[in-house]
Amino acid sequence: MEKLLQAPTEGYGEAIVIPEINADHFEIKTNLLQLVQANPFHGFERENPHTHINNFKRITSTLKFRDVPNDVIKLMMFPYSLEGAARFWYDKEPPNSILTWEDLVTKFVNQFFPPSKTTHLKNEISRFTQKFEETFSEAWERFKEMLRACPHHGFSELTQIDTFYNGLNDYDQDSLNAAAGGNLLSKTTREALNIIENKLKVRYSRNKSNVSRVNTNSRESSSKTDERIDKLADQISTLVEIVSKKVVTPATVKAVEESCVYCGGAHTYYNCPNTDSN
């Protein structure tokens, strides 16, 4: 009964099966594990599993061990790149269910990039339209970002260029057609891409020129303003000097002599002795 009541110890094996390694003194350094753990995948909606796989492959591709295939290294290290919901998913996978790197990538991508999400992103790409007041370069960068968000979209270069061109406003369509000497879609895909990239370069160069012109005009305007201020200060100083020279010191006012209107004496009429104060 005691043995039957004990918690089972089977079924706790790792989902990934690591092939046998015949190399001597093979060891994965701690600093490499820390580098992998510094860029984890959590399973958030905003995260792209394709991007995580590509970043992980770039890190592990720098490892070269004699008699140790790179896929084996990736299988060993991949669980260390997962956190949160992604780690929970991996821990729930049946033991010994992942035998190769391709198995791992397929299960991982299907879990965090389901077919419904693929369909949604492909529809978004197909319905691409340039936004109001969105510049040509901004529209092109947004379109490329949509393609990168769904790397398995399956659209050929021809379809991509056609979708982007038809989503532009009339002004930018006419600009591309003029650069193509007629119709952009009459060119090869490579020629069309070159025309688009050249249009971006012209816009960028023109913007830099405008910025430089604005800065130059700003400096010239500032210089002219300073000159006007200096001239105005000189004029004010001159006026102050002129005014100060023309100011005349007021003459001393002579005291008014008293005179009696009654007797003509040097006293006021109310002090005249002849009136007897009457």
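Author: At 47% relative accessibility, Arg190 counts as partly exposed; the class lies between buried, under 20% relative accessible area, and exposed, over 50%, as found with a 1.4 Å probe on protein chains only. The model is predicted, so local features need pLDDT of at least 70 and side-chain atom pairs count only at pLDDT 80 or more, while totals for chains, interfaces and linings use all residues. Residues are numbered from 1 along each chain as its sequence is written, and side-chain values use heavy atoms, with hydrogens and water left out.

The partner of Arg190 in a salt bridge is Glu157, with the closest N and O atoms 3.4 Å apart. This pair links distant parts of the chain, as Glu157 belongs to helix H9 (residues 157-167) and Arg190 to helix H11 (residues 189-246), 33 residues apart. Glu157 is likewise partly exposed, at a relative accessible area of 36%. A salt bridge here is a side-chain nitrogen of Lys or Arg within 4 Å of a carboxyl oxygen of Asp or Glu. Helices are DSSP runs of H or I with at least four residues, numbered from the N terminus.

Lys144 has a relative accessible area of 23% and Glu141 one of 40%. Arg87 is partly exposed, at 28%. An α-helix has 3.6 residues a turn, so residues three or four places apart point the same way.

H5 also has a buried side. Ala86, Trp89 and Tyr90 are buried in H5. They cover an arc of only 95° around the axis, so they fall on the same side of H5; the arc is that of the directions from the helix axis to the C-beta atoms. The face turned away from this side carries the exposed residues Phe88 and Lys92. H6 is among the elements that cover the buried residues of H5. In the loop between H5 and H6 lies Asn96, which has a positive phi of about 60° although it is not a glycine. Asn96 is exposed, at 53% relative accessibility.

The largest nonpolar core has 30 residues, of which Met77, Phe78, Leu82, Trp101, Leu104 and Phe108 touch the most other members. Such a core is a set of buried Ala, Val, Leu, Ile, Met, Phe, Trp, Tyr and Cys residues joined through side-chain atoms within 4.5 Å. Helices H2 (30-37), H3 (49-60), H4 (70-77), H5 (85-92) and H6 (101-112) each supply at least two residues of this core, and the largest share, five residues, comes from H6. Leaving aside residues up to four places away in sequence, Phe78 touches His52, Ile53, Phe56, Trp101, Leu104 and Phe108, contact meaning heavy atoms within 4.5 Å. A second, separate core of 21 residues includes Phe136, Met146, Ile161 and Ala180.

Finally, Glu133 lies in the loop between helix H7 (115-126) and H8. Glu133 has a positive phi of about 65° although it is not a glycine, and it is exposed, at 68%.
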